[in-house]
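Student: Could you take me through one part of this model closely? Then connect it to a few other places.

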Amino acid sequence: MTDIALEMPWLEKPWQMIQRLLSEGRLPHALLVTGECGVGKRAWADAVSGLLLCSAPSLKEGDAPVACGECRQCQLLSASSHPDVRVFSPEKSRMIRIEQIRSLSAFAVSSPQVAGRKIAVIDRADQLNINSANALLKTLEEPVPDFVLILLQESGRPVLPTIRSRCQVLSIPLPSTEQADQWLATKVTHLEGDKKPSAELLAKSLMLAGNAPRLALEYATGEFPGLRDDAFDKFRQFMRGQVAVAEAAKAFKALGLEDMLWLFEGWAADLARLCAGGKASDHEAGEMLWFLASNNPAWRAHELLDMVREARTAGVYNVSPELEASRLLIAWRELMPTRRRAT
Ligand SMILES: [Zn+2]
């Protein structure tokens with residue numbers, strides 16, 4: 001028996017909603033699930049696929065159905081070789097292309113091979129380009145009875161309203177720090193020796209990931225925290241006029257465009273929070289951001305957020321991460337009061 005809400009308790013509400021819809025026979029044709037990066041949207045979608053395909057879902061004490069974990073469907077799924085489930089995610093261009101949606105549409109109208117229905121997951125529906133979004137609309141407008149579409153959307157990244165309005169919308173909340181700590185601790189128990197992250201690194205990764213546990217796990221076992229520290233050091237030095245923009249930009253380039261924009265976005269969001277009297281979630285950067293917040297109007301933070309969004313849009317066209325980093329760094333330094341006086 002697999003019950004995702006036992007493993008990831010913060011998924012309980014959206015999970016119970018699917019259990020209820022399924023037992024009441026009111027399952028929608030399309031679900032749109034939003035949540036922060038690394039909060040567990042994909043794990044939730046995999047669990048939902050399992051529940052919807054299982055041929056003998058068992059009933060818990062209440063009456064919520066759970067996948068049995070033993071039938072042929074469950075076995076195929078756990079071997080990641082179920083022919084009636086397809087996942088579509090962005091390719092090299094960082095977007096989901098129209099060819100992928102055409103193949104999704106063909107899959108939607110084909111007959112299921114071994115299960116009672118087919119499931120397609122679009123992992124990052126916010127990365128559909130305009131052509132693929134329009135192609136997807138056709139599939140959404142002509143629902144097929146044995147086909148369920150699950151769209152995953154990262155918080156703050158738009159999905160066309162015409163797509164959104166044709167889906168049942170659910171959101172996945174962030175876990176409490178306690179839930180996230182517990183989940184992370186279980187995930188790293190099997191890691192050995194120097195591969196096992198320290199408690200300090202786990203806490204830091206969770207902070208950097210904005211409490212999103214799967215992202216924190218990725219950070220804690222990867223290169224991100226080290227690269228982020230280098231970039232943050234150079235960022236501070238650049239703000240104080242101690243290093244040139246080119247040198248600071250190089251440290252950001254090492255992160256790659258996506259992670260670099262994520263960092264700048266996090267700091268700008270923290271700046272906006274501080275300007276509005278709130279707290280910074282990246283407490284290592286908190287002091288510097290607090291200094292900037294007390295010397296600038298709040299709209300400056302929103303300007304920086306807009307710049308990140310523009311850079312992300314431009315990212316589709318292979319912009320240079322170094323150039324984007326320089327542009328953002330220069331905009332940040334405009335916020336330093338000494339520099340304003342100097343110009
Ligand atoms: Zn089963």
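**A buried threonine and beyond**

Tutor: Beyond its neighbours within four places in sequence, threonine 139 is in contact with Leu104, Ser105, Ala108 and Phe147. Contact here means heavy atoms within 4.5 Å. The model is predicted: local features need pLDDT of at least 70, side-chain atom pairs count only at pLDDT 80 or more, and totals for chains, interfaces and linings use all residues. Residues are numbered from 1 along each chain as its sequence is written, and side-chain values use heavy atoms, leaving out hydrogens and water.

Threonine 139 sits in helix H6 (residues 130-141). Helices (H or I, at least four residues) and strands (E, at least two) are DSSP runs, numbered from the N terminus. With 15% relative accessibility, threonine 139 counts as buried. Buried means under 20% relative accessible area, exposed over 50%, and partly exposed in between (1.4 Å probe, protein chains only).

Arginine 124 lies between strand S5 (118-123) and H6. Its phi is positive, about 105 degrees, although arginine 124 is not a glycine. Arginine 124 is buried, at 12% relative accessibility. Asparagine 211 also has a positive phi, about 75 degrees, without being a glycine. Asparagine 211 is in the loop between helix H9 (199-208) and helix H10 (213-220). At 17% relative accessibility, asparagine 211 is buried.

Next, the metal. The zinc ion takes its protein donors from Cys54 (SG), Cys68 (SG), Cys71 (SG) and Cys74 (SG), at 2.3 to 2.4 Å. Donors are N, O and S atoms within 2.8 Å of the metal (3.2 Å for Na, K and Ca); water is not among the atoms, so sites may look incomplete. The angles among the 4 donor atoms run from 104 to 118 degrees, and the zinc site is tetrahedral. Four donors count as tetrahedral if all angles lie between 85 and 135 degrees; four count as square planar and six as octahedral if opposite donors are over 155 degrees apart and all others between 65 and 115; anything else is irregular. The donor residues follow the spacing C-x13-C-x2-C-x2-C. Distant parts of the chain are linked here: cysteine 54 is in the loop between helix H3 (41-53) and strand S2 (58-59), and cysteine 68, 14 residues apart from it, is in the loop between strand S3 (65-66) and helix H4 (72-78). Cysteine 54 is buried at 8% relative accessible area. Cysteine 68 is buried too, at 13%.

Helix H11 (residues 224-239) and helix H13 (residues 257-275) have axes that come within 11 Å and cross at roughly 55 degrees. Axes are lines fitted to C-alpha atoms, for helices over the stretch in contact, and angles run from 0 to 180 degrees between N-to-C directions. H11 and H13 are therefore oblique to each other. Angles under 35 degrees count as roughly parallel, over 145 as roughly antiparallel, 65 to 115 as roughly perpendicular and the rest as oblique. On the H11 side, Phe224, Arg228, Ala231, Phe232 and Phe235 meet Asp259, Trp262, Leu263, Phe264 and Trp267 of H13.
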